[in-house]
Amino acid sequence: MFSKALRTSCSAPLRRSVISRASIAKRTVTTDAASAHAEAVPEEDDKPFQVTLSDESFETYELDPPPYALNTTKKELKKMYYDMVQIRRMEMSADRLYKEKKIRGFCHLSTGQEAVAVGIEHSLTKEDDVITSYRCHGFALMRGGTVKSIIGELLGRREGIAYGKGGSMHMFSKGFYGGNGIVGAQVPVGAGLAFAHKYQDKKTATVCLYGDGASNQGQVFEAFNMAKLWNLPVLFGCENNKYGMGTAANRSSALTDYYKRGQYIPGLKVNGMDVLAVKAAVKYGKEWTESGHGPLVLEYVTYRYGGHSMSDPGTTYRTREEIQRMRSTQDPIAGLKQKLLEWNVCSEDELKNIDKEARAEVDKEVAEAEAMLAPEPTPRILFEDIYFSTVLKLALEVRFRARTMQVPLWIFIAAIAIALSWHEMASILFQRAVPTLSEALSTTIRGSPALLRLTRLAPQFPFISSLTPQSSTFNILNNQQRAYASSAKMAGPVSSATLEAIIKNRRTYYALDKSSTISNDKIQEIVKNAVLHVPSSFNFQPVRVVVLFGAEHDKFWEAVKAALKPLVPDATAWAASEARVNGFKAGYGSVLFFESKKVTQAQQEKFPLYAAKFPLWTAQSDAMHQYAVWLGLEAEGLGANLQHYNPLIDEFVQKTWGIDADWELNAQLVFGTPIAGKGPAEKQFQPLEDRYKVFGAIRSLEGGHGAKNLIAKALLS
């Protein structure tokens with residue numbers, strides 16, 4: 001196909017280079033999981049000792065090998081063993097659930113490859129980043145996920161690690177960027193993460209993993225080039241489990257030494273069945289790249305016992321005997337177990353207890369995940385987390401509702417168009433505020449003229465009754481208006497109309513779910529702004545606040561139930577109490593409000609004349625914090641309710657989250673997305689004239705009663 005001259009000039013120099021490098025030292029990396037040695041193992045669990053790795057643990061390219069001596073402790077070795085047993089048990093549970101048709105779609109298991117995920121995690125810090133391909137369950141667990149959240153994700157539950165919307169291939173947690181379904185696509189993203197670390201001048205590393213099947217993707221080599229060009233702190237890692245999607249590596253790759261694929265990037269081949277060798281290699285790589293040497297390409301030689309995915313039996317392109325031989329002679333868990341016994345790290349009985357504990361914990365969390373309710377098949381959930389044009393999102397929902405309610409699309413659109421004023425429609429279509437509609441834009445949809453007009457149209461268009469204030473159509477409009485109001489606030493002072501609308505529309509929502517209209521960062525911003533800016537007498541700032549998300553939120557309300565149950569012995573009464581607390585647990589998160597007794601007491605001593613007043617002033621400031629956070633959350637489309645289960649759980653809170661004993665818990669604000677159709681009842685108001693009086697009011701030049709109106713609306717809300 002090519003001329004002889006062309007073949008010679010292109011290939012000969014590369015071939016000479018490779019041969020000369022290989023002729024220096026040729027070593028084959030073992031996959032023996034029990035090849036390390038140790039002497040003088042101490043009695044203490046926390047006392048470091050040295051492990052010597054096999055000479056066949058590494059093979060290098062343009063790189064000095066890592067040290068073959070590794071420091072570890074008994075405690076770490078037992079934790080590594082526990083972690084690998086836990087991952088395998090979790091994957092076996094996923095296998096069972098898939099075969100029971102409880103898990104649907106793609107599902108890629110990592111049984112046999114546990115040493116890679118565990119060894120990598122034990123060499124990193126939580127400030128480092130990890131990104132991998134779709135065989136990601138073990139990495140998600142190691143990076144901070146729970147078995148319950150991972151299995152919940154596989155089952156499509158809202159309590160899953162990605163709210164049940166990512167499934168097997170898309171799992172994320174802090175410092176873990178997936179789980180990515182497109183073959184090789186995570187590699188350039190990993191280079192981007194490393195670029196961010198370098199740009200921010202962080203001494204951290206990014207571990208970017210892909211499979212041998214993805215190693216021939218063009219974007220992998222593009223990422224190599226940019227990483228080397230910019231000297232990025234990234235550890236590219238090929239998990240070579242010998243087979244791609246049903247194809248042996250030597251049938252798909254011209255060069256199966258994947259650690260040499262970087263060409264101009266040094267490489268390191270690692271025994272991926274030995275968790276200690278993996279830890280030593282990644283520790284070395286992390287130190288290398290953090291020292292400014294740029295990227296590395298690692299190859300973890302490992303083996304998967306199952307098929308490529310659950311639809312692949314895994315025996316059509318390899319023999320059952322090969323699989324059994326690897327299981328019986330090279331298994332990473334059995335290999336570490338052998339060393340733990342040989343080095344007297346623990347006895348056979350202790351290992352059995354570790355096995356039993358790990359399996360029991362996994363089984364418990366799997367059962368809890370199976371017990372989770374399936375999400376409601378509602379448009380609100382369907383259209384959550386869709387981040388694109390409001391107009392397109394609205395159009396999608398209009399089309400969806402018209403079809404599901406068997407209403408001609410033109411009638412549906414016409415009804416909405418009639419209900420919306422020209423200004424409101426323009427604000428949606430042009431996605432910017434119309435100048436004459438500033439007050440309307442700062443009003444939540446619950447009290448807007450559009451909703452009232454739609455209500456009046458209901459007799460002519462019965463399907464309109466489904467458009468409740470909590471429906472996603474109105475949430476779209478609502479959030480759009482709030483966004484305009486927010487941008488207006490940034491440009492100048494907050495208008496009284498905006499504040500009036502927020503105060504007027506605040507209500508207590510008990511029916512909440514585990515979703516949020518805004519990010520966790522935005523929630524924290526709202527709370528922190530309240531802590532910083534809410535006033536207190538003498539500016540003595542006695543209020544303290546803790547925010548709980550996810551599993552921590554659930555843990556709190558489980559503790560409330562445990563503390564409450566002994567106080568409610570009657571079964572009927574307890575059923576009602578338990579249901580109420582479960583309703584709080586069903587929310588997205590909780591904000592805990594505390595008072596610092598030391599701060600209050602210090603003020604009493606400093607100002608003895610007002611000593612009796614400071615507890616009252618503390619309570620007033622605490623109440624203002626609660627109200628400010630409540631308003632802020634509801635202004636962003638969340639619902640909330642305020643609870644007071646202290647002091648029942650004060651001790652639990654202090655121990656669980658390391659809260660200073662000086663902090664006294666006062667209230668708990670539960671928040672989440674309101675459930676459609678379960679909003680608060682119409683609020684009943686006592687006569688305003690019995691609650692509000694004004695004297696000496698003089699009409700302003702503008703003809704308004706701004707402060708008077710604002711106070712009155714606060715009383716009526």
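**Note on helix packing and the open sheet**

1. Helix H6 (residues 186-199) lies across S5, strand S6 (206-211) and S7. Against S6, helix H6 runs at about 175°. The model is a predicted one.

2. The strands under discussion belong to an open sheet of six, ordered S3-S8-S9-S7-S6-S5. Pairing is mixed. Strand S3 (58-61) and strand S5 (129-131) stand at the edges with a single partner strand each, so one side of each has no neighbour in the sheet. From one strand to the next, the twist averages 20°.

3. Strand S7 (residues 234-240) and strand S9 (residues 296-301) run parallel and are joined by six bridges. Asn-240 has Val-301 in S9 as its bridge partner.

4. Helix H5 (residues 147-154) is largely enclosed by the rest of the structure, because seven of its eight residues are buried. These are Val-147, Ser-149, Ile-150, Ile-151, Gly-152, Glu-153 and Leu-154. The cover over them includes helix H2 (74-99), helix H4 (137-142) and helix H12 (348-371). After H5 comes Gly-156, with a positive phi near 80°.

5. Helix H21 (residues 520-533) packs with helix H25 (residues 614-635) at about 150°, their axes 9 Å apart. Angles over 145 degrees count as roughly antiparallel, so H21 and H25 are roughly antiparallel to each other. Their crossing is right-handed.

6. In that contact, H21 supplies Ile-523, Ile-526, Val-527, Ala-530 and Val-531. H25 supplies His-625, Ala-628, Val-629, Gly-632 and Leu-633. By class, the contact residues are eight nonpolar, two polar and no charged. As for the spacing, an α-helix has 3.6 residues a turn, so residues three or four places apart point the same way.

Terms used
Residues numbered from 1 in each chain as written. Predicted model: local features only at pLDDT ≥ 70, side-chain atom pairs only at ≥ 80, totals over all residues. Heavy atoms only, no water. Axes fitted to C-alpha atoms, helices over the stretch in contact; angles between N-to-C directions. Helix = DSSP H or I, 4+ residues; strand = E, 2+ residues; numbered from the N terminus. Parallel < 35°, antiparallel > 145°, perpendicular 65-115°, else oblique. Left-handed = near helix turned anticlockwise from the far one by under 90°. Contact = heavy atoms within 4.5 Å. Nonpolar A, V, L, I, M, F, W, Y, C, P; charged D, E, K, R; others polar. Buried < 20%, exposed > 50% of the residue type's maximum accessible area, 1.4 Å probe, protein only. Pairing = 2+ DSSP bridges.
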